[in-house]
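Please keep the sequence and the coordinates at hand while reading.

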Amino acid sequence: MSHIVVIGAGQAGQSLVTRLRVLGFAGQVTLIGEEPVPPYQRPPLTKKYLLGETEVERLYLRPEIFYAEHDITLRLGRPVSAIDRTAKTLRIGNDQITYDQLALTTGALPRRLPAAIGGDLAGVYTVRTLADVDAMAVEFQPGRRVLIVGGGYIGLEAAAVAALKGLHVTVVEMATRILSRVAARETADVIRAAHELHGVNISEGVGLDHLTGKGRVNGAVLGDATAMELDFVIVGVGIDPETRLAQAAGLALENGIRTDELGQTTDASIWAAGDCTSFPYKDGSVRLENVGNAIDQAEAVAANMLGAGQAYVAKPWFWSDQYDLKLQIAGLNTGYDRVVTRQGSAQDHISFWYYQGDTLLAVDAINDPRAYMVGKRLIEMGRSPKSDVICDPATNLKSLLKL
Ligand SMILES: Cc1cc2nc3c(=O)[nH]c(=O)nc-3n(C[C@H](O)[C@H](O)[C@H](O)COP(=O)(O)OP(=O)(O)OC[C@H]3O[C@@H](n4cnc5c(N)ncnc54)[C@H](O)[C@@H]3O)c2cc1C
């Protein structure tokens, strides 16, 4: 009987094995995860979970019993340490497992600060796993001082939780402004204003020089020589694809595990999906770091492992919750040359539409689900309404879908 093994029990791995069963695959399925818990959602980690508003079990994508009920062998708590592509085996501890087809859904690793500038001091946290967030949660006590290094979505979400819990929060962003890699100045301005309203001190264009403390962090010196005392540090300076196994196995890499449009790596028996994967997109290739891609790509790969032969076409979307701001993003803004603003029906409903020439690339909608929904559909349909039509408050957005 054919055996499909999936390495990485996260969002993509869970979607992939579930899809195999939905599509009627009757062979053996094994899902292997290094973390000791069943596959779970990461987005709430810096939102409701860190706020203490949701239980850990509610993070699980499926209850543990689901896997047994669908005859999926779930092996948790130990990493796969090597793949032998010739023998088609892999190693976990002293065990050897044989596969017919293999999928890599190994996700990503958070970047750390170098030890030379204090990155290995106690009280310095990265944010990727449930264990990471459980470890830092005890630090979130009113009146404590936290430094957040990096003004991207993860750092800013953690900053919002800390501010809501009554901590003194400083964010340092080395680039000239927060969210510079992922969003336009207009979106960043709204988010920055919300943080400032909640008392968060945001320093832009200033990097961290080094952390201070013996054994445990107690302060920081910034690039402009400002010194500060603090109780703990959260590092949100991006992620790198987890490619170590793939690299050791000799698979081609290119900002992630390289696949073709079907999700197949340079070994015909090995596939990849999710944050670890770079794949063809428009005229080049892309690696996406979001839940929507992890699910859709994994489901496409499951079908292709069973012979569907359908190219995966990514339809990027993302969201971030900070205070009472619900930011929803559709499309990829890479290459935009202008951004137009649409004011929604209420003061705090606003959306920013990214254009390259006359082509609509992406939409950031803040507290405006209709703008998000219409923007997402327009981008998926390849339609680009004129930007003055978008900005005109008299335009009924939904009517643009009917033209
Ligand atoms: C705090 C946080 C907030 C986020 N918020 C959002 C959001 O609001 N919206 C959004 O769209 N996305 C968000 N994301 C991103 C989203 O969670 C990821 O894009 C998604 O989890 C990717 O799924 P994945 O399966 O590729 O990787 P992961 O979910 O990281 O799963 C990979 C798994 O593989 C395991 N693994 C790696 N190597 C091995 C090995 N050798 N052996 C066994 N197991 C291994 C890892 O331990 C891990 O459990 C957030 C991420 C974080 C960390």
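Helices (H or I, at least four residues) and strands (E, at least two) are DSSP runs, numbered from the N terminus. The model is predicted: local features need pLDDT of at least 70 and side-chain atom pairs count only at pLDDT 80 or more, while totals for chains, interfaces and linings use all residues. Residues are numbered from 1 along each chain as its sequence is written, and side-chain values use heavy atoms, with hydrogens and water left out.

A salt bridge places a side-chain nitrogen of Lys or Arg within 4 Å of a carboxyl oxygen of Asp or Glu; the structure holds 19 of them. Shared partners join Arg-185, Glu-186, Asp-189, Arg-192 and Glu-204 into one salt-bridge network.

Asp-275 and Arg-128 form a salt bridge, with 3.0 Å between the closest N and O atoms. Asp-275 lies in the loop between strands E19 and E20 and Arg-128 in the loop between strand E9 and helix H4, so the pair ties together parts 147 residues apart in sequence. Both Asp-275 and Arg-128 are buried, that is, under 20% relative accessible area, where exposed means over 50% and partly exposed in between (1.4 Å probe, protein chains only).
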